[in-house]
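Hi,

Here is the structure I promised to pass on.

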Amino acid sequence: MVTKLLVAIALAIVVAWSWPAARAQAGLRVLISVDMEGVVGTVTGDQLGPTGFEYGRFRDFMTREAMAAVTAARAAGATDIIVTDAHGNGENLLIEQFPPDVRIIRSWPRQLGMVAGVDQQVDAVMFIGYHASTNNVNGVRAHTFSSANLTRVALNGINASEGSWAAAIAGHFNAPVIMMSGDDAAIAEVRSAIGNIEAAETKKSLSFHSAITLTPQASYDLIAARVKAAMARRSEFRPYKVATPVTVDISFKNYTPAEMLAYLPGFERTDSHSIRFRARDMVEAEAIRSFITTYRIDMTP
Ligand SMILES: [Zn+2]
């Protein structure tokens, strides 16, 4: 009798403990990471930062592209949406345009960088406004993390774009990337790394600073359609998993960063402008990458 009672109590505890978790799993959490160089119409610094004369309008276009993805994801069953502002100062998205149940990640530094907010509870990831890597001969404003300072980032010996790097971080948490938007070069590059995800081509690059672009409304409509298609075949996409420990190669435009990083144990100088380090996994690799491209002794506060 005592045993039966104990079993009943134990069962009640187990049910009470697991019920909220079971409910949480019934939802569908989507993370939308938003960069700007792949947004409709962006071609130069005039659109991409606070000193550009068209920046204010293009923040609005960027926000509306993100909102097109949010709205389409919700219509397709997403119940919990996190939007990550992943461009420039991380303060581009006009947050008042989002519905009350969306959460938005802003500014830097932050762990997990462009996909901050990803964890084991995220079911799907989307990239909006992404661009090609610095190693791509095509692509509007093609760069990897820092156009001013880096000439190459490679992951396990393969040139990485911000998209493939972010996909590998998401993959660490078993979250598949299912859709992206950007120019034709960005889409081709990310697809060649992580597979044939759904994609909305907002423009075709004509050079580093030129493109033939859709109009904003056409871009929002295309993004919504591709998000809908991605959500419909969500189960087909697999997380992008890279072999661990990961080997990361970074090449700098200048000589001194490579020279000084090689002072540190664990950093190998592979040529005059390049270093290599190994990391346990993508979380550690991203933390080190973020440190390398952000740290300054005069940082305040
Ligand atoms: Zn970027």
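This is a predicted model: local features need pLDDT of at least 70, side-chain atom pairs count only at pLDDT 80 or more; totals for chains, interfaces and linings use all residues.

Residues are numbered from 1 along each chain as its sequence is written, and side-chain values use heavy atoms, with hydrogens and water left out.

What holds the zinc ion? Asp35 (OD), His131 (NE2) and Glu162 (OE) coordinate it, at 2.0 to 2.2 Å. Donors here are N, O and S atoms within 2.8 Å of the metal (3.2 Å for Na, K and Ca), and water is not among the atoms, so sites may look incomplete. Along the chain, the zinc donors follow the spacing D-x95-H-x30-E. Asp35 sits in the loop between β1 (29–34) and α2 (45–48), and His131 in the loop between β4 (124–130) and β5 (150–155), so this pair ties together parts that are 96 residues apart in sequence. (Helices are DSSP runs of H or I with at least four residues, strands are runs of E with at least two, and both are numbered from the N terminus.) Asp35 is buried at 3% relative accessible area, and His131 is buried at 2%. "Buried" means under 20% relative accessible area, "exposed" over 50%, and "partly exposed" in between (1.4 Å probe, protein chains only).

Next, the aromatic rings. Rings of Phe, Tyr and Trp (its six-membered ring) pair if their centres lie within 6.5 Å; planes under 30 degrees apart are stacked, over 60 edge-to-face, and the rest tilted. That rule gives five aromatic pairs. One of them is Phe58 with Phe61, edge-to-face because the centres are 4.8 Å apart and the planes stand at 75°. These two are three residues apart in helix α3 (residues 55–75), so about one helical turn separates them. Phe58 is buried at 6%, as is Phe61 at 15%. Phe127 and Tyr130 make a stacked pair, with centres 4.3 Å apart and planes at 5°. Phe127 is buried at 0% relative accessibility, and Tyr130 is buried at 1%.

The charged end of Arg110 lies 3.8 Å from the ring centre of Trp108, and that of Arg269 lies 4.8 Å from the ring centre of Tyr255.

How many salt bridges are there? The count is 15, taking a side-chain nitrogen of Lys or Arg within 4 Å of a carboxyl oxygen of Asp or Glu. Arg29 bridges to Asp80, with the closest N and O atoms 2.6 Å apart. Arg29 is in strand β1 and Asp80 in strand β2, so the pair ties together parts that are 51 residues apart in sequence. Arg74 and Asp101 form another bridge, at 2.7 Å between the closest N and O atoms. Arg74 is in helix α3 and Asp101 in the loop between β2 and β3, so this pair ties together parts that are 27 residues apart in sequence. Arg74 is partly exposed at 34%, and Asp101 is partly exposed at 42%.

Happy browsing!

How values were computed. A charge sits over a ring if NZ of Lys or CZ of Arg is within 6 Å of the ring centre and within 35 degrees of the ring normal.
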